[in-house]
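Here's a quick briefing to read alongside the model. Take a look at the fold first, then go through the notes by topic.

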Amino acid sequence: MVILETDVPVAIEALTKGDPKYAEDSVVSSSGSADRCEKNFSGSKSPLTALNTVVRELSDVARAIIRNLL
């Protein structure tokens, strides 16, 4: 899954390097990726719906935490 292989590591690296804004952008990207995945099933239920929902919810929590660092 692209989200776990790119967006999350990028966010972690950005936080490690002291760049919370870039980390926030990466977390927002992960939420958008989950949304796009769902929309690709246009009308039918995705077999990844539960996982995509968790990714969106965790992205919201991570973004809220990161925003406190800005």
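Start with the pocket: α1 (2-16), α2 (20-39) and α3 (49-67) each give at least two residues to the lining of the largest one. Keep in mind that this is a predicted model. In secondary structure the chain has three helices and zero strands, and along the sequence that reads α-α-α.

**The largest pocket**
- The space in the largest pocket comes to about 230 Å³. There are 17 lining residues, and those closest to the pocket's centre are V8, S30, L58, S59 and A62.

**Overall build**
- Along the principal axes, the C-alpha atoms of the chain fill a box of roughly 40 × 20 × 15 Å.
- The chain has 70 residues, and 30% of them count as buried.
- Take the contacts in the chain with a separation of 6 or more: 51% of these join residues 24 or more positions apart.

**The nonpolar core**
- Five residues form the largest nonpolar core, namely A11, A14, A23, V27 and I66. Two elements, α1 and α2, each give two or more residues to this core.
- V27 is worth a click: setting aside neighbours within four places in sequence, V27 is in contact with A11, S59, A62, R63 and I66. Two of those partners, A11 and I66, are core members like V27.
- S59 and A62, also in contact with V27, turn up again among the residues closest to the centre of the largest pocket.

**Helix α2**
- The 20 residues of α2 reach 29 Å from first C-alpha to last, close to the 28 Å expected at 1.5 Å a residue.
- The buried residues of α2 are P20, A23, E24, S26, V27, S30, S31, G32, S33, A34, C37 and E38. Among them, A23 and V27 belong to the largest nonpolar core, while S30 is one of the residues closest to the centre of the largest pocket.

**V55 in α3**
- V55 sits in helix α3. Is V55 buried or exposed? It counts as buried, because its relative accessibility is 10% and the cut-off for buried is under 20%.
- Which residues does V55 touch, not counting those up to four places away in sequence? They are I3, S30 and A34. S30 and A34 are themselves buried residues of α2.
- F41 is 14 residues from V55 along the chain, and their C-alpha atoms are separated by 17 Å.

**The two loops**
- G18 has its place in the loop between α1 and α2. With a relative accessible area of 57%, G18 is exposed, since exposed means over 50%.
- G18 and L69 are 51 residues apart along the chain, yet 9.4 Å separates their C-alpha atoms.
- P47 is found in the loop between α2 and α3. Its relative accessible area is 71%, so P47 is exposed too.
- Between P47 and A62 there are 24 Å from C-alpha to C-alpha, with the two 15 residues apart along the chain. A62 is one of the residues closest to the centre of the largest pocket.

Notes:
Residues are numbered from 1 along each chain as its sequence is written. This is a predicted model: local features need pLDDT of at least 70, side-chain atom pairs count only at pLDDT 80 or more; totals for chains, interfaces and linings use all residues. Side-chain values use heavy atoms; hydrogens and water are left out. On a 1 Å grid over the protein atoms alone, a cavity is a set of points where a 1.4 Å probe fits but cannot get out, and a pocket is an open set with protein on both sides within 12 Å along at least five of seven lines; lining residues have an atom within 4 Å of a point. Grid points are joined across faces, edges and corners, and a volume is the space filled by probe spheres set on the points. Helices (H or I, at least four residues) and strands (E, at least two) are DSSP runs, numbered from the N terminus. A nonpolar core is a set of buried Ala, Val, Leu, Ile, Met, Phe, Trp, Tyr and Cys residues joined through side-chain atoms within 4.5 Å. Buried means under 20% relative accessible area, exposed over 50%, partly exposed in between (1.4 Å probe, protein chains only). Contact means heavy atoms within 4.5 Å. The expected span of a helix is 1.5 Å times one less than its number of residues.
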